Amino acid sequence: VIDGLGIAWMLGAGVYLAMNLLRAVRGQRGLRKTRRALPEEARTEFAEVLRVFGVRGSPGIWIAEGAGQPFVWGLFRGGIYVPPGFFAIAKPEHRRDILAHELSHVLRFDAAVNVLQVVAQALFWFHPLVWWANCRIRQEREKCCDEMVLARLNTSPKEYSTAVVETLAPDLLNLGSIS
């Protein structure tokens, strides 16, 4: 019985790790092929966010073709990726707030924490509380970054939430026109 459980555990952990590794390799390869550098005006805008956060060295930031929303991707610190239409957002303050949120993920080393979570979930793939805890940790990680933006940029929660909604769900703002 113990041998069977050990084999089942190893198979489950191996499959989970292999799936995540494959997804990460494919994602990294795709990003490297399609990403492009920010225009000068956007780099200036990002430099201002770095200054406000007191960051000297700039993390990588790129425009990612096909991305639907900004995100951080990487193994340890990660780089910031924004969708092609990101700099078309009307209010510069909204772009600043979203860039600050993503920068918060980089400064907190959330990419490395996520790797640890994947390893923990692979080791305990059979335990529903680990899956639940990982989900909660990810939710709390987002809240922490939101709090960092509010504290460091001294923006109002209402203005910040408007920036998030306009960036992440612009199509939802037009639902009132649907009959």
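From the N terminus on, the elements of the protein run α-β-α-β-β-β-α-α-α-α, which amounts to 6 helices and 4 strands; helices (H or I, at least four residues) and strands (E, at least two) are DSSP runs numbered from the N terminus. The model is predicted: local features need pLDDT of at least 70, side-chain atom pairs count only at pLDDT 80 or more, and totals for chains, interfaces and linings use all residues. Residues are numbered from 1 along each chain as its sequence is written, and side-chain values use heavy atoms, with hydrogens and water left out.

**Overall dimensions and packing**

- The C-alpha trace of the protein spans about 60 × 40 × 35 Å along its principal axes.
- Of the 179 residues, 33% count as buried, where buried means under 20% relative accessible area, exposed over 50%, and partly exposed in between (1.4 Å probe, protein chains only).
- Among contacts (heavy atoms within 4.5 Å) between residues at least 6 apart in sequence, 65% join residues at least 24 apart.

**Helix H5**

- Helix H5 covers residues 128-153, and its end C-alpha atoms are 38 Å apart. This agrees with the span of 38 Å that its 26 residues should have at 1.5 Å a residue, the expected span being 1.5 Å times one less than the number of residues.
- The buried residues of H5 are Val130, Asn134, Arg141, Cys145, Met148, Val149, Leu150 and Leu153.
- These buried residues pack against four helices: H2 (40-53), H3 (92-107), H4 (110-123) and H6 (157-168).

**Asn134 within H5**

- Asn134 lies in helix H5 and is buried, with a relative accessible area of 5%.
- Not counting residues up to four places away in sequence, Asn134 touches Gln117 and Gln121.
- With Gln117, the side chain of Asn134 makes a polar contact to the side chain at 2.9 Å. A polar contact is a pair of N or O atoms within 3.5 Å; within protein, one must be able to donate a hydrogen and the other to accept it, and residues adjacent in sequence count only if both atoms are side-chain atoms.

**Positive phi values in loops**

- Phe109, in the loop between H3 and H4, has a phi near 55°, a positive value in a residue other than glycine. At 40% relative accessibility, Phe109 counts as partly exposed.
- Asn154 is exposed, with a relative accessible area of 70%.

**The largest pocket**

- The largest pocket has a volume of about 1100 Å³. Of the 31 residues that line this pocket, the closest to its centre are Val72, Trp73, Gly74, Ala111 and Asn114.
- On a 1 Å grid over the protein atoms alone, a pocket is an open set of points where a 1.4 Å probe fits, with protein on both sides within 12 Å along at least five of seven lines; lining residues have an atom within 4 Å of a point. Grid points are joined across faces, edges and corners, and the volume is the space filled by probe spheres set on the points.
- Helix H1 (2-34), strand S3 (71-73), H3, H4, H5 and H6 each supply at least two residues of the lining, and H1 gives the most, with 7 residues.
- By class, the lining has 17 nonpolar, 7 polar and 7 charged residues. Ala, Val, Leu, Ile, Met, Phe, Trp, Tyr, Cys and Pro count as nonpolar, Asp, Glu, Lys and Arg as charged, and the others, Gly among them, as polar.
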